[in-house]
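Hi,

Here's the structure I said I'd pass along. Have a look at it first, and then read my notes below.

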Amino acid sequence: MSLLIVGLDNTIVQVALPSIRADLDASLSGLQWTVDAYTLVLASLLMLAGSTADRIGRRRVFQTGLVVFALGSLACSLAPTLEWLIAARVLQAVGGSMLNPVAMSIITNTFTDPRERAQAIGVWGAVSGLGMALGPVLGGVLINAVGWEAIFWINIPVGIAAIVLTAVYVPESRAARPRRPDPVGQLLVLAFLAALTFGIIEGPNLGWASPVIIGAFAASAASLAGLLRYEPRRADPLLDLRFFRSAPFSGAVLIAISGFAALAGMLFLGTLYLQEARGLSALHAGLWMLPIAAATVIFSPIAGRLVGVRGTRLPLIISGVSMTAAGAILAVFTVDTPLAWILLPYALFGLGFGMLNTPITNTAVSGMPRAQAGLAASVASTSRQVGQSLGVAVIGAVVATGLEGRALTTDFTRASRPGFLIVAAGGLVVLLVGLATTTARARASADRVAAALDPAHG
């Protein structure tokens, strides 16, 4: 149920963006922050939440996350201003960061057989996809009937039910040797992502050559350099850089960032295209976006079976080709394109995204010593959220630059064309990196890393 509400939150907020813009007088950058305040904080805290759960108890952290997520949702629904809403989204993200790492840790430690684990991860992807599927339609119904505030109410009863079910069915567990806290590494990760996202989102407004934007990018680069220098010196680093010597692991991280950037861009541009450019209601926009999520639900468990039987190469090829084609098709759409034609690229994108999740997580944790699997899965989850943050930031900045002060409703399709091409580029990266990191030579690098991390493993 935690995966359901996190997946639901991804799409239900996207379909509400035009209503939030109208009610709170939000700019395009304000809408970007409404999405990215959540994904940015989530990305920054996932690894911290995972290590904290290993140390003080996974069930305890999981239930705390559910409480904080529900309180953040309530605060979002009460937001009288955009600034309030963005702050409440940050609180939501703090709670959300405690959910996925624990859920994935349960999967990776329960299912030790590679085939069973791949299938379990496929079910995990299907549940996330179910949340995505419900999001646009449920959001449209709630927005039409009550208002955008109601989209956050749904998280509260689901969160309460999940708290009760966790207390009844999930036993408390801790890691045998939990990693020590790494506050310096945590601050460096947060500074890197926050400064980078700020520079990208606010660049069109303040000017790319302004001292503030240049300073933001410089701070981001300095934070990354500090992280790369500091982390190898720690016995228990927040981010174990040795993982990246494995070509499949590095590929999984890059694929996660690219694929989820494409997803975030697709949802961000799609809801604005349908509601602002085509004039649809939130409910009708949600119904037209349903093929993305429905295909994700259908193909996620299929991807799990394919990975279990044939490995990750075929699903990644299907994913990359489908997502690239979807972005390229949408790049030529205008306000006069028959609306029914949108079903093809949306279904193609859902197929590609449904094939994506399982290979990412399976590649990240496969071959790793069991003690390292949770950390590897946390890095993969963090990469997903980084991708979503960057997708909304970069594509939104491209659209804002293309608009150059013109109306969002009348000039959106022309300004959004480069954004959809970026979506296609994300799919192309998935394809090319997937091909490069599923070779025998790449798998040999993963074996060397596993042996270095745990000599007994080799």
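Let's start with Ser322, which sits in helix 12, the stretch covering residues 313–330. Keep in mind that this is a predicted model. Ser322 has a relative accessible area of 5%, so it counts as buried, the cut-off being under 20%. As for its surroundings, leaving aside residues up to four places away in sequence, Ser322 touches Leu348, Phe349, Leu351 and Gly352.

Next, a pair of helices. Two packed helices are described by the angle between their axes and the distance between the axes. For helix 10 (residues 247–277) and helix 11 (residues 282–310), the axes come within 9 Å and cross at roughly 140°. That angle is why helix 10 and helix 11 are classed as oblique to each other, and their crossing is right-handed. Which residues make the contact? On the helix 10 side they are Met266, Leu267, Thr271, Leu274 and Gln275, while helix 11 brings in Ala282, Ala285, Trp288, Met289 and Ile292.

Last stop is Asp25, in the loop between helix 1 (2–24) and helix 2 (28–56). Its backbone is worth a look: phi of Asp25 is near 55°, a positive value in a residue other than glycine. Is Asp25 buried or exposed? With 71% relative accessibility, Asp25 counts as exposed, because the cut-off for that is over 50%.

Cheers

Note on methods
Residues are numbered from 1 along each chain as its sequence is written. This is a predicted model: local features need pLDDT of at least 70, side-chain atom pairs count only at pLDDT 80 or more; totals for chains, interfaces and linings use all residues. Side-chain values use heavy atoms; hydrogens and water are left out. Helices (H or I, at least four residues) and strands (E, at least two) are DSSP runs, numbered from the N terminus. Buried means under 20% relative accessible area, exposed over 50%, partly exposed in between (1.4 Å probe, protein chains only). Contact means heavy atoms within 4.5 Å. Axes are lines fitted to C-alpha atoms, for helices over the stretch in contact, and angles run from 0 to 180 degrees between N-to-C directions. Angles under 35 degrees count as roughly parallel, over 145 as roughly antiparallel, 65 to 115 as roughly perpendicular and the rest as oblique. A crossing is left-handed if the near helix is turned anticlockwise from the far one by less than a right angle, and right-handed if clockwise.
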